[in-house]
Amino acid sequence: MLPFCVLSLLLVQTLGATDVPIIGILSQETFSVNSLFPGINYDSFIAASYVKYLESAGARVVPIMIGKNKEYYKELINHTNGILFPGGATFFNQSDGYADAGQIIYDIALELNKNGDYYPIWGTCLGMELMVHVALGGKEVRSHCSATKISMPLEFKSDFRTSKLFSNAPDDIVEDLTNLDITYNSHNYCLTEETFEENNLLKDWQIISTNKDVNDFEFISVFESKKYPFYSIQFHPEKANFEFKSSLILPHSAEAIKSSQYFANFFIEETKKNSHKYPDWQSEQEALIYNYSPHFTGLQNIQ
Ligand SMILES: *[C@@H]1O[C@H](CO)[C@@H](O)[C@H](O)[C@H]1NC(C)=O
Ligand SMILES: *[C@@H]1O[C@H](CO)[C@@H](O)[C@H](O)[C@H]1NC(C)=O
């Protein structure tokens, strides 16, 4: 008994913990939203729904700029408790863009985790695709598919309960995700099991669920790293509670919102396991996204 207790104490001391996590959200190029900001030339953006989603689980957010050097991302990771790669629409081949920043961030986070730190990364939709892109050092392995404006249940793998993401998930959440059309898909690229096999990803990553697009093309909808706190989902939980464009046909049922909250809570609890923080109050306040005002696009958002 004694050696185990001593080890636990040591681990807690090494990793530390926080109950006030700060999460970085990676921004992206504005190709997909330029028409929403007539006359303004923004360099990058973050959809407000991702910020609200993390805040609803008890986190604060800092924006991560694209096009910065390695020192910037290193410092950002040292000061935050986890990172979210959001969905959206941009190319992976733009120099100094979303994918380049993602690669630098992933490489630093992987190294930290390998050295015993606990630094989570979450990828949603394009962010999920980015996770695989950077895990393979910048390889384009996505397949074309068609899954836009569709809500579906997850098709869980038989061993999904062995995953970190679902080993402690309440039964009602799992039942809802298994039976109801509550995971909202909006993507024209997919990742497949064959791709994971061909690229030797299955030894490090667990496929947790799959789905089929409109042409019955099967794609991976949830996966996680077996060793590190890296999680990815192809659907959009944040839209259920924080996006309201009627032409998108989003799910807003109590079950959709409850499952969305499950994913947010899970990720934020993971980020509480390290003790990264800003060196002082002033630099923390200056970094937070509260320094930026959301820009309401509803009036440009033609239904
Ligand atoms: C990036 O990829 C897109 C789509 O495949 C292509 O249209 C574009 O020309 C590429 N841009 C660069 C800078 O290579
Ligand atoms: C990481 O941040 C802490 C403050 O929270 C600081 O003391 C430390 O020097 C930083 N480490 C590096 C490598 O920048």
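Tutor: Arginine 142 is buried, because its relative accessibility is 14% and the cut-off for buried is under 20%. This is a predicted model. The side chain of arginine 142 meets that of glutamate 140 in a salt bridge, at 2.9 Å from N to O. Glutamate 140 counts as partly exposed, because its relative accessibility is 45%.

Two further bridges involve lysines. Lysine 273 pairs with glutamate 270, and their closest N and O atoms are 2.5 Å apart. Glutamate 270 is buried, with a relative accessible area of 5%. Lysine 273 is partly exposed, at 37%. Salt bridges with shared partners also join Glu129, Glu140 and Arg142 into one network. Lysine 272 forms a salt bridge with glutamate 269, with 2.9 Å between the closest N and O atoms. Glutamate 269 is partly exposed, at 43% relative accessibility. The count of salt bridges comes to 11.

Some glutamates belong to a charged patch instead. Glu194, Glu197, Glu198 and Glu218 gather on the surface in a patch of negative charge. Patch members have no salt bridge and over 30% relative accessible area. Glutamate 194 is partly exposed, at 45% relative accessibility. Glutamate 194 lies in helix H8. Helix H8, residues 193-198, gives the patch its largest share, three residues.

Terms used
Residues numbered from 1 in each chain as written. Chains lettered and ligands numbered in written order. Predicted model: local features only at pLDDT ≥ 70, side-chain atom pairs only at ≥ 80, totals over all residues. Heavy atoms only, no water. Patch = residues over 30% accessible without salt bridge, like charges linked within 9 Å, V, L, I, M, F, W, Y side chains within 5 Å. Areas by Shrake-Rupley, 256 points an atom, 1.4 Å probe, with all protein chains shown as cover. Salt bridge = Lys/Arg side-chain N within 4 Å of Asp/Glu carboxyl O. Lys, Arg positive; Asp, Glu negative; His and termini not counted. Charge placed at Lys NZ, Arg CZ, Asp CG, Glu CD. Helix = DSSP H or I, 4+ residues; strand = E, 2+ residues; numbered from the N terminus. Buried < 20%, exposed > 50% of the residue type's maximum accessible area, 1.4 Å probe, protein only.
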